[in-house]
Amino acid sequence: MSDAPVKNRPIYREFRNDLGKLTFNSKPIINSLSKKAEENVDDAESVLRAIEDHLRFTVPKYKLPAFYLLDSIAKNVGGMYRTMGTWRNGFDGGKRNLFPEFVLRKIEEDISRLKARAKETAKMVPESTSDDLLDNLTGMQLYAKKRALEEKHQSAQREV
């Protein structure tokens, strides 16, 4: 998006007004706004501009639900909404970032650190034998409980 005038001012205003209700991670509100974005796909630029302005000017505690909304729109509506903006490349075809460069660097550093930590943790967890996510999670829970019991037992033995 740019600082150029909004193409469809009524859609922009309506969406900005509705975004004011998105003060927490509310699935019904996010679904409603995603549906409205889908109904106004021809005015995707105005919808995204409303979300961008909301992210830019709202207090920090209300930004995360707006990112959930963006995610929902990109996944469920797609089309123009996927190509018009991302958290990394910003809006207006990548000409302007949504976040300052130092924030993007920090996010990428945190992601790298978390990936490294996840790799280390994965080495400690036994490899799954199933493609079923629920089976894998259940297996990991059982493994974690077993490890906790072993550690508790070892701790009790040290005290004796």
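**Figure 1. Overview of the predicted model and its confidence.** In this predicted model, local features need pLDDT of at least 70, side-chain atom pairs count only at pLDDT 80 or more, and totals for chains, interfaces and linings use all residues. Residues are numbered from 1 along each chain as its sequence is written, and side-chain values use heavy atoms, with hydrogens and water left out. The protein has seven helices and zero strands, where helices (H or I, at least four residues) and strands (E, at least two) are DSSP runs numbered from the N terminus. The mean pLDDT, which is the predictor's confidence in each residue from 0 to 100, is 77 for the protein, and 71% of its residues reach 70 or more. Confidence is highest in helix α2 (residues 27–39), at a mean of 93, and lowest in helix α5 (residues 80–83), at 63. Of the 160 residues, 26% count as buried, meaning under 20% relative accessible area, while exposed means over 50% and partly exposed lies in between (1.4 Å probe, protein chains only).

**Figure 2. Close-up of helices α3 and α4.** The axes of α3 (residues 44–57) and α4 (residues 63–76) come within 9 Å and cross at roughly 155°; axes are lines fitted to C-alpha atoms, for helices over the stretch in contact, and angles run from 0 to 180 degrees between N-to-C directions. That angle makes α3 roughly antiparallel to α4, a term used for angles over 145 degrees. Leu48, Ile51, His54, Leu55 and Arg56 in α3 meet Lys63, Ala66, Phe67, Leu69, Leu70 and Ile73 in α4, where contact means heavy atoms within 4.5 Å. The residues of this contact comprise eight nonpolar, one polar and two charged; Ala, Val, Leu, Ile, Met, Phe, Trp, Tyr, Cys and Pro count as nonpolar, Asp, Glu, Lys and Arg as charged, and the others, Gly among them, as polar.

**Figure 3. Close-up of helices α2 and α4.** Here the two helices pack at an angle of about 45°, with their axes 9 Å apart.

Figure 4. Leucine 64 counts as partly exposed because its relative accessibility is 47%. The C-alpha atoms of leucine 64 and asparagine 25 are separated by 7.8 Å, although these residues are 39 residues apart along the chain.

Note on methods
Parallel < 35°, antiparallel > 145°, perpendicular 65-115°, else oblique.
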